[in-house]
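Q: Please take one part of this model and walk me through it slowly, as I am new to it. I would like to know where its pieces sit and what they meet.

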Amino acid sequence: MTPPRAKHEWRKQEKALYLPKVKPEVIDVPTFRFITLSGEGNPNCPAFAECISALYSIAYGIKMTAKKQGSEPEGYFDFTVYPLEGVWDIKVAARVNFSGAINKDDLVFKLMLRQPDFVEESFFQQIMESVKKRKPHPLHERIKFEEITEGRCIQMLHIGSFDDEPASFRAMEEFATSLGEERRSKLHREIYLSDFRKTPTERLKTVLRFQLK
């Protein structure tokens, strides 16, 4: 009998992706599977928290259903739920008159939680139907299953307030220039290593990442 695979913990086994240094570095990010939820508006508003809640309800539904004896998908292994990620942009209308200062009401986001490779879309759909019946949420209809490839990127660990991120992005862009590289677009990814509802602002840890051309 094959012994069960050890629990996969991203903090221990995927440090290059999720625990970078506090200085810019180049990384090549392969294709991963995610459940995603897109929206727009100020992340300090209650609607944003509802998006996070809806996404996690499906993520934990996947984890707990997959773990039940007799219902494991092929290739199953136990795992720690991945951290929340967000890809950020601003509305098209806001770009036209952009002055350098971002109005948070103009933000556009795609929130996501990475899934292990054994989670396929058919299994995701199965969990969606189950969670909708047990704990319905109006945002469940907007959650999607996607495969996303970031490719060659620059990333770094940002410690502190989200409002201070521009300084880290400047350091990342200067690093890209020093390598003869160029940022693909103003879209960027944030990976939230801290629970920003409970962690003091000065101790927040966020992975910042943008794609290169």
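A: Strand β6, residues 205–211, is mostly covered, with 5 of its 7 residues buried, where buried stands for under 20% relative accessible area, over 50% being exposed and the range in between partly exposed (1.4 Å probe, protein chains only). The model is a predicted one, in which local features need pLDDT of at least 70 and side-chain atom pairs count only at pLDDT 80 or more, while totals for chains, interfaces and linings use all residues. Residues are numbered from 1 along each chain as its sequence is written, and side-chain values use heavy atoms, with hydrogens and water left out. Strands (E, at least two residues) and helices (H or I, at least four) are DSSP runs numbered from the N terminus.

Strand β6 has partners in two other strands, where pairing calls for at least two DSSP bridges. With β4, which covers residues 144–159, β6 pairs in the antiparallel sense over 7 bridges, and within this pairing M156 stands opposite L208 of β6. With β5, which covers residues 188–192, β6 again runs antiparallel, over 4 bridges, and here I191 has V207 of β6 as its bridge partner.

Buried residues are also found in helix α3, including F48, C51, I52, L55, I58, G61, I62 and T65. This helix has 22 residues and reaches 32 Å from its first C-alpha to its last, close to the 32 Å expected at 1.5 Å a residue; that expected span is 1.5 Å times one less than the number of residues. An α-helix has 3.6 residues a turn, so residues three or four places apart point the same way. The buried residues of α3 pack against strand β1 (25–40), strand β2, strand β3 (107–115) and helix α5.

I127 lies in α5, which spans residues 121–134, and I127 counts as buried because its relative accessibility is 1%. Leaving aside residues up to four places away in sequence, I127 touches I58, G61, I62 and T65, a contact being heavy atoms within 4.5 Å. These four, I58, G61, I62 and T65, are themselves among the buried residues of α3. Although I127 and I62 are 65 residues apart in sequence, they are 6.1 Å apart in space, C-alpha to C-alpha.
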